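Hello,

Here is the structure I promised to pass on. Please have a look at it, and then read my notes below.

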Amino acid sequence: MAAFFFISGCTASMQKSNFTRLLVKKFISLKFVAIVANIGFAILILLMNLVGYGHLWYKTSAGFLDTIKSIYNICLGGFGYDLAGALWFIVALFWMFVISKILYDLIYKRNRIFYALASIVLYLIGYYMVKRGIIFSNTTFDLIDIVFIGHVFFAGGVCIKGLFDYEKFNRTAFMLPAFLITAALLYVFGYLIPSQVDYPSRSFSNPLYGFIAASSGIVFMVCISKLLAKSRLIKKTFIYIGMRTLAIAIFHFLGFRIMFTVLFALRLVPRSQLYLLVPDNLPY
């Protein structure tokens, strides 16, 4: 996830819009899209219940009043059904743009180091909130704790964009050592010193280890992407996919459910798998 936040920061154009314009633009392209998609899934489940197929994916049926309550909570900032589970990332990204723009206008233009330090402070505050269980459930600020944690990587992308020459990543003398060092660090924090980082479940271990592991993953992914970009076919393929990541984020859990419903109809998976967001413990 840190790599997604970092890339978003790298591609953000903080200097091109004032705060109001950026707020409106990102609300429409991110927050509003998440709200509409959530409501769409709530209506889909209601329709499935009305025609008698809601039991395929859920053990309990949602009636009209349940759907109204769900839509009300969605409009307040909460989430509806698990089909919209991946949309937390879109909402979190919206808040990262807002926070970063505020810090950019107040601090970055004057001192980039203080901008980075402010982002690190928010990172630590986010960890504190998670460890203390400070969560504003079903409110506009439902994700603010993990937004603070992820923002440090978004801010890193903003800083790197203003300071670093991307072409240097094309130099083998830089890429090979960076690739090997970060691969080693990922192994260390993956197996020797396990560092858990799971944003949706708010499962975080040590903030220092998590930061080093995530930063290593970012550099590792940049090196891999630079190597893959040498192939025109691979580059065009990933650009095509990248331009459709929002749709993928919205509909991929729905796609899983449809796929496993077909597999269930073919008697390739048991009924119990249809109740899971990501099916597991398959018999083959």
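D82 and R257 join their side chains in a salt bridge, at 2.9 Å from N to O (a side-chain nitrogen of Lys or Arg within 4 Å of a carboxyl oxygen of Asp or Glu). This pair links distant parts of the chain, 175 residues apart: D82 sits in the loop between α3 (64-76) and α4 (88-108), and R257 in helix α10 (residues 245-265). Helices (H or I, at least four residues) and strands (E, at least two) are DSSP runs, numbered from the N terminus. D82 is partly exposed at 25% relative accessibility, while R257 is buried at 2%. Here buried means under 20% relative accessible area, exposed over 50%, and partly exposed in between (1.4 Å probe, protein chains only).

The model is predicted: local features need pLDDT of at least 70, side-chain atom pairs count only at pLDDT 80 or more, and totals for chains, interfaces and linings use all residues. Residues are numbered from 1 along each chain as its sequence is written, and side-chain values use heavy atoms, leaving out hydrogens and water.

The structure has 3 salt bridges. In another, R202 meets D145 at 2.5 Å, N to O. R202 lies in the loop between β1 (197-198) and β2 (203-204) and D145 in helix α6 (residues 144-163), so the pair ties together parts 57 residues apart in sequence. D145 is buried, with a relative accessible area of 1%.

D105 also forms a salt bridge with K101, their closest N and O atoms being 3.2 Å apart. The two are 4 residues apart in helix α4, which means a separation of about one helical turn.

Finally, Y191 lies in helix α7 and is exposed, with a relative accessible area of 63%.

Best wishes
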